[in-house]
Amino acid sequence: MTQPHTARTVNGSVSHWFAQEGLPEPREPLAGDASADVCIVGGGYTGLWTAYYLKKAVPFLRITVLEQKFCGYGASGRNGGWLYNGIAGRDRYAKKHGHEAAARLQQAMNDTVGEVVRVAADEGIDADIHHGGVLEVACTPAQLARLKAFHEAEVAYGEKERLLFGARDTAARIRVAGAVGGTWTPHGARLHPAKLVTGLAAAVEALGVTIHESTPVTEIKPKHAVTPYGTVRAPYVLRCTEGFTAALKGLRREWLPMNSSMIVTEPIAPELWESIGWEGRETLGDMAHAYMYAQRTADDRIALGGRGVPYRFGSRTDNDGRTQAATIDALREILVRFFPALARTGIDHAWSGVLGVPRDWCATVTLDRSTGLGWAGGYVGSGVATANLAARTLRDLVQQDSGQGTATPLTELPWVNHKVRKWEPEPLRWLGVQGMYAAYRTADRREATSATGTTDPIATWADRVSGR
Ligand SMILES: Cc1cc2nc3c(=O)[nH]c(=O)nc-3n(C[C@H](O)[C@H](O)[C@H](O)COP(=O)(O)OP(=O)(O)OC[C@H]3O[C@@H](n4cnc5c(N)ncnc54)[C@H](O)[C@@H]3O)c2cc1C
């Protein structure tokens with residue numbers, strides 16, 4: 001008899017990654033009004049990488065990071081650990097700015113994977129990084145058609161090293177039941193999210209950046225970040241709050257906080273790994289509309305994620321990372337469908353987090369030169385690497401604006417200073433997202449029993465309506 005999520009499954013507590021590592025020692029909150037040259041709101045990858053690169057570039061800069069809970073409390077301490085070269089909105093940027101501009105963005109993302117691996121090594125951050133690439137698989141004729149089209153598009157964006165696999169070569173890497181094809185890119189690595197974010201916070205602090213934790217910013221306005229403990233005044237205030245942005249004054253309809261949930265198995269025995277393969281420790285994804293993502297962890301578990309309840313009314317975010325029992329069941333069902341040998345494997349932990357989705361599903365990095373306000377995010381679930389590119393771009397934009405630098409190849413990328421309209425007010429926002437994911441689930445079900453290699457029209461309709 002299989003054991004779904006039982007009393008043994010921890011639910012919430014931020015994430016398995018932090019449960020494994022232990023929550024970090026708290027840093028002091030802000031102790032009254034203060035000033036800085038740059039104030040960064042949010043201690044996730046975006047905020048911390050930005051502090052890192054700015055301080056490296058201009059060591060005398062006084063940089064203060066304000067974090068509402070602790071560094072890594074958000075998606076950066078909860079994600080699937082896919083460090084990879086995907087960036088939300090590339091195709092839309094190609095339509096707006098041309099293929100060449102979007103190809104430069106893609107090249108920058110390809111390079112970013114290596115950049116994170118390099119800096120982590122230089123800074124002595126041991127984040128269980130394994131540079132094994134990304135394998136995405138197809139399990140139905142429609143998924144296979146999408147996989148081939150995706151593969152060709154990536155090659156057209158310059159990924160000459162990408163490989164297309166049939167069923168046998170896919171299985172030689174990872175034996176996913178029913179997989180009929182796969183595409184693999186070297187531009188990806190597996191990592192332990194909490195180890196990266198806590199290591200990064202320590203590295204940033206060692207450089208001389210001030211980090212205040214347990215310090216929620218209630219309002220951001222030009223040259224001010226307001227908190228219950230005092231206000232930090234700075235010529236540049238950079239908002240790095242991604243999925244939590246809607247909670248800030250005046251920003252409720254900016255980026256929709258979308259939930260993603262994960263489960264992690266108990267450590268899997270070597271005999272079971274023999275039937276699965278996965279020796280290359282690629283990150284693993286699929287081509288379903290309600291897609292899954294997974295990694296083989298350093299301690300031989302599988303961490304697997306996907307969409308749970310996608311969105312909560314009124315852009316509410318969570319407190320402790322708890323997810324719904326039905327979501328745990330759904331993710332476990334995917335795990336066992338992919339790897340039937342794991343039917344009796346226990347689930348140790350389940351959790352969820354929020355990511356930021358702009359109305360046009362395009363990631364952005366912006367510095368408003370008239371106010372000194374900057375922000376980066378809207379990564380739509382592809383933020384582990386993108387946050388690093390955003391941070392280096394914010395560094396260049398601040399340096400350019402303050403007269404310490406000029407335009408750089410990064411400041412010329414098409415996602416810089418991109419503007420997007422707001423989301424609809426409630427209840428339209430809630431109804432829209434629920435409808436979209438119901439449509440994707442229906443489309444996946446219909447494609448699973450269809451012999452045609454075409455995407456179900458319900459999914460095409462959902463893409464169009466949602467602005468994807
Ligand atoms: C479950 C899950 C799985 C994911 N898997 C992947 C993956 O495998 N690969 C990938 O590329 N991407 C993945 N993502 C997305 C990725 O994790 C995020 O895009 C990325 O971590 C965003 O980093 P960030 O620093 O911009 O935001 P966050 O990590 O969310 O950090 C924002 C920080 O700001 C703080 N904050 C918020 N509001 C305030 C305030 N008012 N005052 C002070 N501080 C504030 C928060 O506490 C938080 O620490 C996943 C996301 C989730 C939720």
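Reply: Let us start with a definition: helices are DSSP runs of H or I with at least four residues, numbered from the N terminus. The model here is predicted.

Me: Which residue takes a positive phi just after H10?

Reply: Glycine 403 does, with a phi of about 80 degrees.

Me: How far apart are the end C-alpha atoms of helix H10, and what span should its 16 residues have?

Reply: The expected span is 1.5 Å times one less than the number of residues. For H10, residues 386–401, this gives 22 Å, and the end C-alpha atoms are 22 Å apart, so the two agree.

Me: Is H10 enclosed or open?

Reply: A residue is buried if 20 or more other C-beta atoms lie within 10 Å of its own. In H10, 13 of the 16 residues are buried, so the helix is largely enclosed by the rest of the structure.

Me: How many C-beta neighbours does arginine 281 have inside 10 Å?

Reply: Arginine 281 has 19 and therefore counts as partly exposed. It is placed in the loop between helix H8 (270–276) and strand E16 (283–286). Beyond neighbours within four places in sequence, arginine 281 contacts His130, Gly132, Arg190 and Arg296.

Me: How compact is the protein chain as a whole?

Reply: The chain has twelve helices and 21 strands. Its radius of gyration is 21 Å, close to the 23 Å of the globule rule for 468 residues, so the chain is as compact as a globular protein of that length. Buried residues make up 52% of the 468.

Technical notes: Residues are numbered from 1 along each chain as its sequence is written. This is a predicted model: local features need pLDDT of at least 70, side-chain atom pairs count only at pLDDT 80 or more; totals for chains, interfaces and linings use all residues. Helices (H or I, at least four residues) and strands (E, at least two) are DSSP runs, numbered from the N terminus. A residue is buried if 20 or more other C-beta atoms lie within 10 Å of its own, exposed if 12 or fewer, and partly exposed in between; C-beta atoms are placed from the backbone. Two residues are in contact if their C-beta atoms, placed from the backbone, lie within 7 Å. The radius of gyration is taken over C-alpha atoms; the globule rule is 2.2 Å times the number of residues to the power 0.38.
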